Amino acid sequence: MGIVLSIANQKGGVGKTTTAINLASSLSYLGKKVLLIDLDYQANATTCMGIHRGSFEKSVFDCLTEEASLREVALKTDNPLIDVLPAKTTVEAIEEKIIMNTNRDFILHTQLDEFKDEYEYVLIDCPPSLGYVTINAMMASDGVIVPVQCEFLAMDGLTQLLNTIRLVQSKKKINKETLTIYGVLLTMLDTRVASGYQVVNEVKTYFGEKVFQTIIPRNISCSNATFYGVPVTEFSPKSKSSVSYRQLAKEVITRNE
Ligand SMILES: Nc1ncnc2c1ncn2[C@@H]1O[C@H](COP(=O)(O)OP(=O)(O)O)[C@@H](O)[C@H]1O
Ligand SMILES: [Mg+2]
């Protein structure tokens with residue numbers, strides 16, 4: 001049965017999208033079939049999987065407004081093991097439309113139920129907010145991966161995120177379902193700077209075993225890959241960040257066993 005993992009943190013620029021696309025790519029290297037769901041309006045994950053804006057009509061947001069089914073919206077990519085539910089940049093007032101739905105927390109959950117078993121891993125790239133889109137992602141998930149950037153104020157805002165996770169956990173419990181913090185991922189560690197390691201220690205003290213052993217280093221290949229719109233694991237497979245993301249994929253699989 002497929003496992004659904006949301007990659008969430010309401011802070012922007014912490015490495016959610018980078019993690020989503022590189023984890024998808026690295027899991028596929030290990031032979032896993034992956035569905036990548038892009039829930040960010042900026043649609044960076046969609047573009048980075050080689051899907052051009054304008055090459056598709058409907059996006060995952062049409063599924064959230066129940067105007068399309070996931071099956072209709074899902075796209076194949078050049079990688080036979082990765083399918084994508086694309087996002088579109090032109091989304092008007094999606095949150096307001098979701099609020100109107102009496103099933104508002106469960107829209108994605110309901111749609112994903114019959115679709116997810118075609119995949120071994122479903123990864124959801126969340127938007128930088130804790131609104132209904134993110135709630136829908138978490139409600140549909142078995143676990144959350146929380147990327148934390150190894151920078152000043154890294155822990156800032158995590159309380160809000162944890163409160164949202166707790167809220168979703170209590171809602172899921174009614175249906176006898178669970179949501180775990182699957183792992184906390186330290187990202188963009190500048191290995192030359194001592195303060196980065198301070199953050200590592202701080203996060204490990206707070207989250208303990210939840211923290212992935214793999215730490216993603218800050219690496220120029222990673223930002224270059226974004227510029228060219230591809231996963232770094234393909235753009236520069238030997239770079240430090242690629243090696244780390246492949247390592248992370250192994251850890252993600254181990255935690256699932
Ligand atoms: N390990 C890394 N090393 C260097 N740059 C990175 C790394 N991870 C992400 N970035 C860059 O940081 C920026 C923000 O990352 P992104 O994944 O888009 O964050 P989010 O989705 O949380 O907003 C992007 O320009 C990306 O290329
Ligand atoms: Mg993003």
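**Exercise 1. Describe the largest pocket: its volume, its lining and the helices that contribute to it.**

Solution. Step 1: the largest pocket of this predicted model has a volume of about 500 Å³. A pocket is defined on a 1 Å grid over the protein atoms alone, as an open set of points with protein on both sides within 12 Å along at least five of seven lines, whereas a cavity is a set of points where a 1.4 Å probe fits but cannot get out. Grid points are joined across faces, edges and corners, and the volume is the space filled by probe spheres set on the points.

Step 1: the lining comprises 25 residues, a lining residue being one with an atom within 4 Å of a point. Gly13, Gly15, Thr17, Thr18 and Thr226 lie nearest the centre of the pocket.

Step 2: at least two lining residues come from each of α1 (16-29), α2 (44-48) and α10 (220-228). Helices (H or I, at least four residues) and strands (E, at least two) are DSSP runs, numbered from the N terminus. The greatest contribution is that of α1, with four residues.

Step 3: by type, the lining holds nine nonpolar, 13 polar and three charged residues. Here Ala, Val, Leu, Ile, Met, Phe, Trp, Tyr, Cys and Pro count as nonpolar, Asp, Glu, Lys and Arg as charged, and the others, Gly among them, as polar.

The following conventions apply throughout. Residues are numbered from 1 along each chain as its sequence is written, while chains are lettered from A and ligands numbered from 1 in the order in which they are written. The model being predicted, local features need pLDDT of at least 70 and side-chain atom pairs count only at pLDDT 80 or more, while totals for chains, interfaces and linings use all residues; side-chain values use heavy atoms, with hydrogens and water left out.

**Exercise 2. Identify the residues of the nonpolar surface patch and classify phenylalanine 227 as buried or exposed.**

Solution. Step 1: the patch consists of Phe227, Tyr228 and Phe235, which together have about 390 Å² of accessible area. Patches are made of residues with over 30% relative accessible area and no salt bridge; like charges are joined within 9 Å and nonpolar side chains (Val, Leu, Ile, Met, Phe, Trp, Tyr) within 5 Å. Accessible areas come from the Shrake-Rupley method with a 1.4 Å probe, and for residues only the protein chains shown count as cover.

Step 1: phenylalanine 227 belongs to helix α10. Its relative accessibility is 67%, so phenylalanine 227 counts as exposed. The classes are buried (under 20% relative accessible area), exposed (over 50%) and partly exposed (in between), with a 1.4 Å probe and protein chains only.

Step 2: for contrast, threonine 233 is part of helix α11 (residues 232-235) and counts as buried because its relative accessibility is 0%.

**Exercise 3. Count the salt bridges and examine three of them.**

Solution. Step 1: side chains of opposite charge can pair when their charged atoms come close. A salt bridge requires a side-chain nitrogen of Lys or Arg within 4 Å of a carboxyl oxygen of Asp or Glu. The count by this rule is 10.

Step 1: lysine 32 and glutamate 120 form a salt bridge at 3.9 Å, N to O. Lysine 32 lies in the loop between α1 and β2 (34-38) and glutamate 120 in the loop between α6 (107-113) and β5 (121-125), so this pair ties together parts that are 88 residues apart in sequence. Glutamate 120 is partly exposed, at 34% relative accessibility.

Step 2: glutamate 177 pairs with lysine 172 at 3.3 Å, N to O. Glutamate 177 is partly exposed at 24%, whereas lysine 172 is buried at 3%.

Step 3: arginine 255 and glutamate 251 meet at 3.7 Å, N to O. Both lie in helix α12 (residues 240-256), four residues apart, about one turn of the helix. Arginine 255 is partly exposed at 31%, and glutamate 251 is buried at 14%.
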